[in-house]
Amino acid sequence: MSNPLRLGIAGLGTVGVGVVRILESHADLLAKRAGRPIEITAISARSKGRDRGVDLSGFAWEDDPVVLATRDDVDVYVELMGGEDGPAKASTEAAIAAGKHVVTANKAMLAMHGQALAEQAEAGKTALKFEAAVAGGIPVIKALTEGLAGNQITRVMGVMNGTCNYILTRMENEGVPYDQVFADAQALGYLEADPNLDVGGIDAGHKLALLSSIAFGTKVNFAGVALEGIQRISTTDIEQARDMGFRIKLLGVSQLTGRGLEQRMQPCLVPVNSPLGQLENATNMVVLEGDAVGQVVLRGAGAGEGPTASAVMGDVMDIARGFSMSTFGQPATGLQDIQAAQASAPAAFYLRLTLKDAPGALHKITGALANAGVSIDRMRQYSHQDAAAPVLMVTHKTTRAELDHALDGIMATGVTLESPVAIRIEDV
Ligand code: HSE
């Protein structure tokens with residue numbers, strides 16, 4: 001057998017420990033598959049003394065991840081600390097400069113600095129791989145860069161934040177309001193240290209920006225992702241959407257249009273009977289569409305020890321086997337600098353209005369929609385006992401600009417008691 005592939009791992013949280021466990025339990029299997037042993041030589045983490053439930057005594061310890069990343073006995077630097085800048089970025093840059101391959105799960109760092117890091121790695125002929133950064137255990141980067149390499153990708157969609165899907169699923173199944181489920185999710189440790197990364201759509205937006213780059217050959221442009229979180233989703237909208245045959249998901253969509261690259265991460269309605277509509281709890285789903293293959297649906301765990309470590313090991317195995325691939329599926333210097341589309345593709349919208357129960361109120365609302373050129377597909381006023389009349393509508397396809405014009409007109413009628421709720425219905 002050839003020389004062992006030697007790993008230096010920085011970050012021994014859930015994912016790092018998962019990698020240590022896989023390397024322990026599958027050492028023979030991995031060595032057979034790669035044709036060489038894979039071993040850890042050195043580790044680094046915030047706290048040396050903490051009991052992590054795995055034996056770390058055989059590995060050299062470094063306090064400084066930059067020192068770990070550049071050790072002579074490390075071939076692959078496995079960065080599992082996280083964080084957009086700081087030690088993660090410094091150690092990744094140092095590893096590449098020292099000629100090491102890098103495997104990382106750090107979506108924030110790559111969403112912000114992926115282009116520069118990829119160019120640095122490719123200039124130095126080292127690998128920079130990040131399967132674990134997008135949708136945890138789902139091998140979506142391999143699917144796009146390898147299995148679908150013969151396709152023009154036409155659209156990428158995904159539910160890629162398990163915490164948000166857990167919150168929305170519980171709100172729907174138990175009728176529990178957002179604030180209460182959010183508190184439960186926090187108590188269970190599901191939320192990132194900054195919860196806005198999850199519920200604000202930022203974490204999922206980072207992942208979408210990375211997939212866009214691979215799918216469309218564009219430079220990573222996280223700033224071009226239109227972001228909207230799930231904080232304002234109410235159980236009322238979830239129930240009403242369900243009643244009309246839809247479920248609400250925090251859905252990312254990326255497509256290259258004549259107007260530029262459209263990247264959105266926002267709550268959307270999807271049909272209950274679609275694969276995305278059937279996704280429950282913390283599971284992730286990525287839907288890839290290519291001109292030759294049609295639609296491919298990938299579903300699996302988006303976080304957690306085993307699934308994320310599985311993705312890290314997929315990258316490590318590629319390096320051990322000598323597979324070589326540019327970071328974003330094509331040389332980074334050839335990635336295009338594409339403008340973000342200023343407007344999203346037309347769509348149908350779900351509207352929920354709370355109207356004064358007075359003669360002519362509905363007439364004024366339909367007039368405002370007509371003035372803006374927005375056509376109604378379905379409408380329902382459901383039963384009520386007080387002076388507030390709840391009205392639901394589904395529009396025909398319209399642009400966001402026309403819809404906003406209609407919403408301004410609706411507010412100006414003076415017959416609404418609350419701000420209208422408008423949620424996009426995605427064609428999936
Ligand atoms: N916080 C993320 C999620 C996990 O809930 O899916 C890793 O990105």
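**Entry 1: terms**

I count Ala, Val, Leu, Ile, Met, Phe, Trp, Tyr, Cys and Pro as nonpolar, Asp, Glu, Lys and Arg as charged, and the others, Gly among them, as polar. I also note that this is a predicted model.

**Entry 2: the largest pocket**

I looked up the lining of the largest pocket by class. I found 20 nonpolar, 19 polar and 11 charged residues there. The space in this pocket is about 1,500 Å³. I then asked which residues lie closest to its centre. They are Val15, Leu80, Met81, Lys107 and Glu192, out of 50 lining residues.

Next I checked the helices. H1 (14-25), H4 (86-97) and H5 (107-123) each give at least two residues to the lining of the largest pocket.

**Entry 3: the ligand**

Where does the ligand sit? I find the ligand in the largest pocket. I listed the residues around the ligand: Lys107, Asn161, Gly162, Thr163, Glu192, Asp198, Asp203, Lys207 and Ala303. Lys107 and Glu192 were already on my list for the pocket centre.

Ala303 is in the shell, and Ala counts as nonpolar. Two helices, H7 (162-174) and H10 (202-216), each supply at least two residues of the shell.

**Entry 4: contacts of the ligand**

- Gly162 has a polar backbone atom 2.8 Å from an oxygen atom of the ligand.
- Thr163 has a side-chain N or O atom 2.5 Å from an oxygen atom of the ligand.
- Asp198 has a polar side-chain atom 2.7 Å from a nitrogen atom of the ligand.

How much of the ligand does the protein cover? On its own, the ligand has 260 Å² of accessible area, and the protein covers 88% of that.

**Entry 5: cavities**

I turned to the cavities. I count 3 cavities of 30 Å³ or more. The largest cavity holds about 110 Å³ of space. Its lining has 13 residues. Nearest its centre are Lys129, Ile141, Thr145, Met325 and Thr327.

Which elements line the largest cavity? Strand E6 (128-129), helix H6 (140-147) and helix H12 (305-321) each supply at least two residues. H6 gives the largest share, 4 residues.

I finished with the classes. The lining of the largest cavity has 4 nonpolar, 3 polar and 6 charged residues.

Terms used. Residues are numbered from 1 along each chain as its sequence is written. This is a predicted model: local features need pLDDT of at least 70, side-chain atom pairs count only at pLDDT 80 or more; totals for chains, interfaces and linings use all residues. Side-chain values use heavy atoms; hydrogens and water are left out. A residue is near a molecule or strand if one of its heavy atoms lies within 4 Å of it. A polar contact is a pair of N or O atoms within 3.5 Å; within protein, one must be able to donate a hydrogen and the other to accept it, and residues adjacent in sequence count only if both atoms are side-chain atoms. Accessible areas come from the Shrake-Rupley method with a 1.4 Å probe; for residues, only the protein chains shown count as cover. On a 1 Å grid over the protein atoms alone, a cavity is a set of points where a 1.4 Å probe fits but cannot get out, and a pocket is an open set with protein on both sides within 12 Å along at least five of seven lines; lining residues have an atom within 4 Å of a point. A molecule sits in a cavity or pocket if more than half of its atoms lie within 2 Å of its grid points. Grid points are joined across faces, edges and corners, and a volume is the space filled by probe spheres set on the points.
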